[in-house]
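Have the viewer open while you read.

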Amino acid sequence: MTQLDKKSLRKEVRSRKRQFSTEELIEESRPLIQRVLSHPRLQCAKTILLYNSLPDEVYTHDLIKQLHDAGKTILLPVVISDTEMELRLYSSSNSFETSSYGILEPTGEAFTDFSSIEFALIPGMAFDGERNRLGRGKGYYDRFLPLLTNAYKVGICFPFQFLPNIPTEETDIKVDECIHSS
């Protein structure tokens, strides 16, 4: 499969997402987030990688605060260049700034002890039954996920983003599990 196939899949998923308002997507997120919260690997994890959701992604803002309030160490990705992202420690809902991509990113200190991350919740444009992930096309997560040697990687998406098959390349990184329905 070629990049063009991935491009058209991204376009198709974007079109599906536009059929929902932000409020509807937040509502659709609730049962998915409940499944994350009840996940045994999350419950016993101390250091967790999450993501601060964009309006068209599974809504994680409440999850971040809830897990932080429960005493978990929460890490969030920050895009630092056209090819790289780094992780930063989440300290409170007041410690964010808007990035050039319009993403609220934490201003906390950089985190590099990747081997201590036990659970990682990974967004994607789409996932499939083989645990393949289709990202937004920049490759940030594909370059980053190999560093998470001890983390259980869970993809999360809305049911309409779970596809029969996603074209893959050697550089694509699979997740360990995908949550896509309630």
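Predicted model: local features only at pLDDT ≥ 70, side-chain atom pairs only at ≥ 80, totals over all residues.

Residues are numbered from 1 along each chain as its sequence is written, and side-chain values use heavy atoms, with hydrogens and water left out. The largest pocket comes in at about 650 Å³, and the second largest pocket holds about 160 Å³.

**How the spaces are defined**

- Rolling a probe the size of a water molecule over the atoms shows where empty space is left.
- On a 1 Å grid over the protein atoms alone, a cavity is a set of points where a 1.4 Å probe fits but cannot get out; a pocket is an open set with protein on both sides within 12 Å along at least five of seven lines; and lining residues have an atom within 4 Å of a point.
- Grid points are joined across faces, edges and corners, and a volume is the space filled by probe spheres set on the points.
- For residue classes, Ala, Val, Leu, Ile, Met, Phe, Trp, Tyr, Cys and Pro count as nonpolar, Asp, Glu, Lys and Arg as charged, and the others, Gly among them, as polar.
- Helices (H or I, at least four residues) and strands (E, at least two) are DSSP runs, numbered from the N terminus.

**The cavity**

- Searching the whole structure turns up 1 cavity of 30 Å³ or more.
- The largest cavity contains about 40 Å³ of space.
- Its lining is made of Lys17, Tyr51, Asp56, Glu57, Val58, Pro123, Gly124, Ile156, Cys157, Phe158 and Gln161.
- Sorted by class, the cavity lining has 6 nonpolar, 2 polar and 3 charged residues.

**The largest pocket**

- There are 32 residues lining the largest pocket, and those nearest its centre are Arg133, Arg136, Lys138, Tyr140 and Tyr141.
- Two or more lining residues come from each of helix 1 (3–17), strand 2 (73–79), strand 5 (104–106), strand 9 (133–134) and helix 5 (140–144).
- Helix 5 is the top contributor to this lining, with 4 residues.
- The lining of the largest pocket splits into 14 nonpolar, 7 polar and 11 charged residues.

**The second largest pocket**

- Back to the second largest pocket, at about 160 Å³: it has 14 lining residues, with Ser53, Leu54, Pro55, Tyr59 and His61 closest to its centre.
- Helix 2 (residues 22–37) gives the most to this lining, with 4 residues.
- By class, the lining of the second largest pocket has 7 nonpolar, 6 polar and 1 charged.

**Helix 2**

- Leu25, Ser29, Leu32, Ile33, Val36 and Leu37 of helix 2 are buried (buried means under 20% relative accessible area, exposed over 50%, partly exposed in between, with a 1.4 Å probe and protein chains only).
- An α-helix has 3.6 residues a turn, so residues three or four places apart point the same way.

**Single residues**

- Leu134 sits in strand 9 and is buried, at 1% relative accessible area.
- Beyond its neighbours within four places in sequence, Leu134 is in contact (heavy atoms within 4.5 Å) with Lys6, Leu9, Arg10, Gly124, Met125, Ala126 and Ile166.
- Asn94 is in the loop between strand 3 (85–89) and strand 4 (96–98), and is exposed at 72% relative accessible area.
- Arg131, in the loop between strand 8 (126–128) and strand 9, has a phi near 70°, a positive value in a residue other than glycine.
- Gly139 lies in the loop between strand 9 and helix 5; its C-alpha is 7.3 Å from that of Thr83, 56 residues away along the chain.
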